[in-house]
Amino acid sequence: MVDFRYHLVSLISVFIALALGVVLGAGPLQTPIASGLTGQVATLREEQAAISAQVETARNDIAQRNEWITANTSQLVEGTLQDVNVAIVSFEDTRAEDVDAATALLTSAGAKVNQKLTVTSAWTQAQMSQYRSSLSSAIGTHLATKPADDASAAAILAQGLVEAITRDDAEAKVVREMLSDESNSLVTFGQEPVKSEAVLIVGAPSETPAASTPTPTPTPSAEATPTPVGEPDPNMWLELARFAAQAPKSAVVVGGAKQADDLVAIVRAAQIPVTTVDSVDTSMGIASAVMALPSADATQRAYGFAGGASDVLPPLVKPNPTAQPEETPSE
């Protein structure tokens with residue numbers, strides 16, 4: 001059995017060590033320790049200030065570069081979409097500044113943005129699938145082109161939305177009202193019914209998380225790919241891109257593509273025959289989208305820097321020549 005004296009000696013040793021530490025810390029070691037810590041803090045502050053200055057310089061450089069790109073692109077696209085009515089389709093997670101930038105550049109190209117509409121989260125929400133199925137059955141009877149017998153609800157609704165954008169007849173107006181029903185709105189329209197020839201779909205950038213962001217999926221067939229319960233239905237996004245490409249003039253999908261579940265990423269992965277542009281949150285992305293719109297058609301083209309892009313920039317289309325009055329031959 002251990003004697004009590006051993007415990008007493010151990011306790012005394014501990015207190016002696018503590019006393020020595022206090023004496024040394026308050027005496028000969030105080031100045032070196034304090035000086036070392038003060039020097040380290042000062043160094044860290046200097047490094048932080050230098051990094052902050054570098055970040056601010058980089059931000060200014062990017063802002064100036066974006067201004068330069070916007071100014072030059074406005075001149076490059078001038079007249080390339082002269083008198084073309086364009087509809088801008090956005091989503092609840094689309095940035096307002098991206099829509100504004102696209103609108104300004106389209107105007108510089110001579111286009112008229114005569115429609116702006118927002119696709120709501122109900123367009124893809126899993127809990128709304130039964131409602132969308134019932135709605136598609138009703139909308140299918142009002143479409144100008146009769147859907148195939150085995151057409152999915154996603155295909156019928158996407159066709160209906162594109163017809164509501166590109167047609168102004170009575171049936172298209174009925175479809176428009178059904179899609180924007182206040183009780184379960186799939187789409188919100190910002191103006192009275194008009195007709196557009198071209199469609200620009202503007203999605204969210206990669207850094208913007210959203211509950212309605214689509215998930216990757218294989219190329220959908222006429223019969224929609226089953227979607228796990230609780231997850232957004234990506235076929236709704238894919239069919240919208242597919243039918244938008246059939247607009248009278250052209251269509252382009254611009255958005256994020258850095259992550260596999262970004263809008264442009266899944267459209268490219270599914271090989272939808274439509275023109276896509278990534279990097280929507282940059283001046284280059286918006287510029288490329290507007291530059292691509294005049295020549296876009298129902299073929300798969302991909303521009304930008306993210307995965308799946310085949311070219312950095314779309315071809316530059318020459319402006320439409322101004323019609324000259326015919327000269328009357330002199331007698």
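1. The model is predicted, so local features are limited to pLDDT of at least 70 and side-chain atom pairs to pLDDT 80 or more, while totals for chains, interfaces and linings use all residues. Residues are numbered from 1 along each chain as its sequence is written, and side-chain values use heavy atoms, with hydrogens and water left out.

2. The protein chain has 9 helices and 7 strands, taken as DSSP runs (H or I of at least four residues for helices, E of at least two for strands) and numbered from the N terminus. Of its 331 residues, 40% are buried, meaning under 20% relative accessible area with a 1.4 Å probe, protein chains only.

3. Helix α5 (residues 153–166) packs against helix α6 (residues 170–179) at an angle of about 120 degrees, with the axes 8 Å apart. Axes are lines fitted to C-alpha atoms, for helices over the stretch in contact, and angles run from 0 to 180 degrees between N-to-C directions.

4. In this pairing, L157, G160, L161, E163 and A164 of α5 meet A172, V175, R176 and L179 of α6, where contact means heavy atoms within 4.5 Å. The residues of this contact comprise 6 nonpolar, 1 polar and 2 charged, with Ala, Val, Leu, Ile, Met, Phe, Trp, Tyr, Cys and Pro counted as nonpolar, Asp, Glu, Lys and Arg as charged, and the others, Gly among them, as polar.

5. S185 sits in the loop between α6 and β3 (187–189) and is buried, its relative accessible area being 18%. Beyond its neighbours within four places in sequence, S185 is in contact with T120, A122, L179 and S180. A polar atom of the S185 side chain lies 2.8 Å from the backbone oxygen of V187.

How values were computed. Buried < 20%, exposed > 50% of the residue type's maximum accessible area, 1.4 Å probe, protein only. Polar contact = N/O pair within 3.5 Å; in protein donor to acceptor, adjacent residues only side chain to side chain.
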